[in-house]
Amino acid sequence: MSYIDLRGHQVWSVEYKPRFRRDCEKVLLLHGGLSATEDWDYAVLPAIRNRFHVFGYDRTAHGRTKIRDGYYHFEFQADEAIAYLEDVVKGSAHLIGWSDGGIIAFLVALKRPDLVRSIVAIGANYHHDCGVEHDETKIEVTDEEKEKVARRSGQDPALLETIVRKAYQVWMSEPKLTLEDLSRIKCPTLILAGDDEPFTSEHTFSMYEALPHGRLAIVPGASHYVVKERRKLTQVLIKDFYESLAYPITKWPNRRKAVTEELTRDL
């Protein structure tokens with residue numbers, strides 16, 4: 001765990017190498033908005049650490065990485081992820097993104113499909129019009145949260161309110177992906193969400209149905225913090241997803257009927 005120079009900006013980066021395997025595929029963890037890698041990596045690592053070479057980093061204005069011009073817009077964050085994949089991971093990876101991290105995974109897959117082997121999008125939305133209300137007048141930043149910013153990144157603690165307001169402004173107008181955009185993401189994708197997410201269930205289902213190689217897991221009794229509230233079940237679902245990334249062939253396909261018939265025609 002250390003700072004790296006990512007094209008002129010100091011970015012906090014972490015890396016977990018599997019203990020018993022040298023040649024293995026790579027996973028990139030993409031944390032949520034106003035969060036950091038250390039706030040959630042521990043919750044998913046048990047599902048992937050022994051099988052994959054895992055990377056993660058704190059995005060600009062998050063965690064231990066300082067702000068810079070242009071931060072927080074999703075296109076900016078997607079380009080930063082692409083730079084990290086190219087320069088640090090040095091190639092393609094499976095992406096696991098929570099909340100904003102899931103959105104960034106979608107954008108990277110659209111911009112650079114060659115860099116994305118699969119996606120696990122946890123509690124993600126594809127458009128800002130998803131049923132969530134972001135009210136800037138209700139922003140409250142505690143002294144404890146400010147102190148955490150100073151401790152992690154060495155920045156002025158008063159800067160946190162500026163970062164939070166910037167996040168709210170972005171969330172009210174971004175992302176702007178369409179279902180047609182999602183239909184161009186060809187890699188295996190798991191949409192994983194709690195049954196009480198802040199966005200509508202229709203939004204989640206339409207996202208899954210638009211993905212040509214999508215799967216859907218709704219976790220009961222969980223909110224947007226499903227990855228922490230139902231940690232073991234989340235890990236089981238992620239493990240199961242990676243057991244086989246082939247197109248799912250079921251006994252009674254409905255949404256997958258056309259593709260299933262094509263794949264099994266010569267069997």
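Side chains of opposite charge can pair when their charged atoms come close. Residues are numbered from 1 along each chain as its sequence is written, and side-chain values use heavy atoms, with hydrogens and water left out. Because the model is predicted, local features need pLDDT of at least 70 and side-chain atom pairs count only at pLDDT 80 or more, while totals for chains, interfaces and linings use all residues.

**A buried pair across the chain**

- Arg152 and Asp39 meet through their side chains in a salt bridge of 2.6 Å, N to O.
- The pair links distant parts of the chain, 113 residues apart.
- Arg152 sits in helix α4 (residues 143-153), and Asp39 in the loop between β3 (26-30) and α1 (41-48).
- Helices (H or I, at least four residues) and strands (E, at least two) are DSSP runs, numbered from the N terminus.
- Arg152 counts as buried at 13% relative accessibility, and Asp39 counts as buried at 16%.
- Buried means under 20% relative accessible area, exposed over 50%, and partly exposed in between (1.4 Å probe, protein chains only).

- Arg165 and Glu161 form a salt bridge between their side chains (3.2 Å, N to O).
- Both residues lie in helix α5 (residues 159-171), four residues apart, about one turn of the helix.
- Arg165 is partly exposed at 30% relative accessibility, and Glu161 is partly exposed at 32%.

**A salt-bridge network**

- Salt bridges that share partners join Arg7, Glu86, Asp87, Arg112 and Asp114 into one network.
- Within this group, Arg112 pairs with Asp114, with the closest N and O atoms 2.8 Å apart.
- Arg112 is partly exposed, with a relative accessible area of 25%.
- Asp114 also counts as partly exposed, at 49% relative accessibility.

**A nonpolar surface patch**

- Ile249, Val259 and Leu263 make a nonpolar surface patch of about 240 Å².
- Patches are made of residues with over 30% relative accessible area and no salt bridge; like charges are joined within 9 Å, nonpolar side chains (Val, Leu, Ile, Met, Phe, Trp, Tyr) within 5 Å.
- Accessible areas come from the Shrake-Rupley method with a 1.4 Å probe; for residues, only the protein chains shown count as cover.
- Ile249 is found in the loop between α9 (231-243) and α10 (257-264).
- Ile249 is partly exposed, with a relative accessible area of 46%.

Terms used:
A salt bridge is a side-chain nitrogen of Lys or Arg within 4 Å of a carboxyl oxygen of Asp or Glu.
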